[in-house]
Amino acid sequence: MEKTLSGKVAVVTGASSGLGRRFAKVLSQAGASVALMARRTDRLAALVAEIEAAGGKAVAIALDVSDAAAIGPALDQAEAALGPISIMVNNAGVGGDGMALEMTPEVFDDTFAVNVRGVFLGAREAAKRMMASGVAERGEARIINIASIAGYTQLPGLTVYCASKAAVVSLTKGLAREWARLGIAVNGICPGYIETEINADWFATEGGAKQIKGFPRRRLMDEGVLDESLLMLAGPTAKFITGTLITIDDGQIL
Ligand SMILES: NC(=O)c1ccc[n+]([C@@H]2O[C@H](COP(=O)([O-])OP(=O)(O)OC[C@H]3O[C@@H](n4cnc5c(N)ncnc54)[C@H](OP(=O)(O)O)[C@@H]3O)[C@@H](O)[C@H]2O)c1
């Protein structure tokens, strides 16, 4: 892979599994040093070892993004280990599934604390540091929020998750507008369904299999389909892209 991100430092939240794990590896392959954040640090340590074995540089940092006070210090730790952050991937997310009539206020709050407030604070704390280090002024600051097609539609049994992802879509555009003149590009990716821990149990059920048959192409997407969009939004091209959410969904919401 071309080293388009050589010398850059990237943070990926939710790097302990699924898409975040993939994003961290892809950013590393493109030359970035990566700070891996999540709660399951054993998995992060294994990924650090994998990235280092492939010749990359990575550090594992424990972070619960629903702990508002912990996000800034985690980013400071990343900068102390790797240098100024120029790419922040707000990927950590939870399923927030459950029917509205049964959902407890705690599940609602947890979903929004991770999927919405975690993204907001992750972006804001990264932006502050990108400004302080001069990365923003150089037009190299990139914030990438992982939303979902759920931000644009209603998915079965996922009303609150969909609401949280609609909020991520809105936040991405709002922050892009606020920080446009600061040199910070804020963009997002809205993936369709890719099998990961967040949905594997559901797709193993009859209902899940039926949902897949209802997609226009009757399939889930491959793990690597987001790689190129991620690299574009992380790299020099995104100097002139901000407030954009790229939908990659194999036509699943058509
Ligand atoms: N897979 C899909 O089809 C799909 C489609 C559209 C959007 N997305 C979005 O993609 C993102 C990644 O999901 P995934 O599919 O890769 O699911 P996943 O395999 O379940 O990964 C979720 C990640 O988020 C982390 N996380 C959850 N709560 C956290 C918290 N409080 N603090 C820090 N990290 C936390 C988890 O790490 P720990 O548990 O170790 O903390 C894990 O690394 C999510 O935002 C999801 O909504 C996924």
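Analyst: Directly after helix α4 comes G134, whose phi is positive, near 90°; helices here are DSSP runs of H or I with at least four residues, strands are runs of E with at least two, and both are numbered from the N terminus. Since this is a predicted model, local features need pLDDT of at least 70 and side-chain atom pairs count only at pLDDT 80 or more, while totals for chains, interfaces and linings use all residues. Residues are numbered from 1 along each chain as its sequence is written.

User: What makes β5 largely enclosed by the rest of the structure?

Analyst: A residue is buried if 20 or more other C-beta atoms lie within 10 Å of its own, exposed if 12 or fewer, and partly exposed in between, with C-beta atoms placed from the backbone. By that criterion 6 of the 6 residues in β5 (residues 141–146) are buried, so the strand is largely enclosed. Both directions are represented, with A141, I143 and N145 pointing one way and R142, I144 and I146 the other.

User: Why do β4 and β5 count as paired, and how does the chain cross between them?

Analyst: Strands pair if DSSP finds at least two bridges between them, and 4 bridges join β4 (residues 87–90) to β5, the two running parallel. The chain crosses from β4 through α4 (residues 105–133) to β5 in a right-handed β-α-β crossover, meaning that, with the strands pointing away from the viewer, the path from the first strand over the helix to the second runs clockwise.

User: How is β5 joined to β6?

Analyst: There are 6 bridges between β5 and β6 (residues 184–191), which also run parallel, and the bridge partner of A141 is I184. The chain crosses from β5 to β6 through helix α5 (residues 159–179), and this β-α-β crossover is right-handed.

User: Why is T244 called partly exposed?

Analyst: T244 has 15 other C-beta atoms within 10 Å, and is therefore partly exposed. T244 lies in the loop between α8 (227–234) and β7 (245–248), and its C-alpha is 6.3 Å from that of G188, although they are 56 residues apart in sequence.
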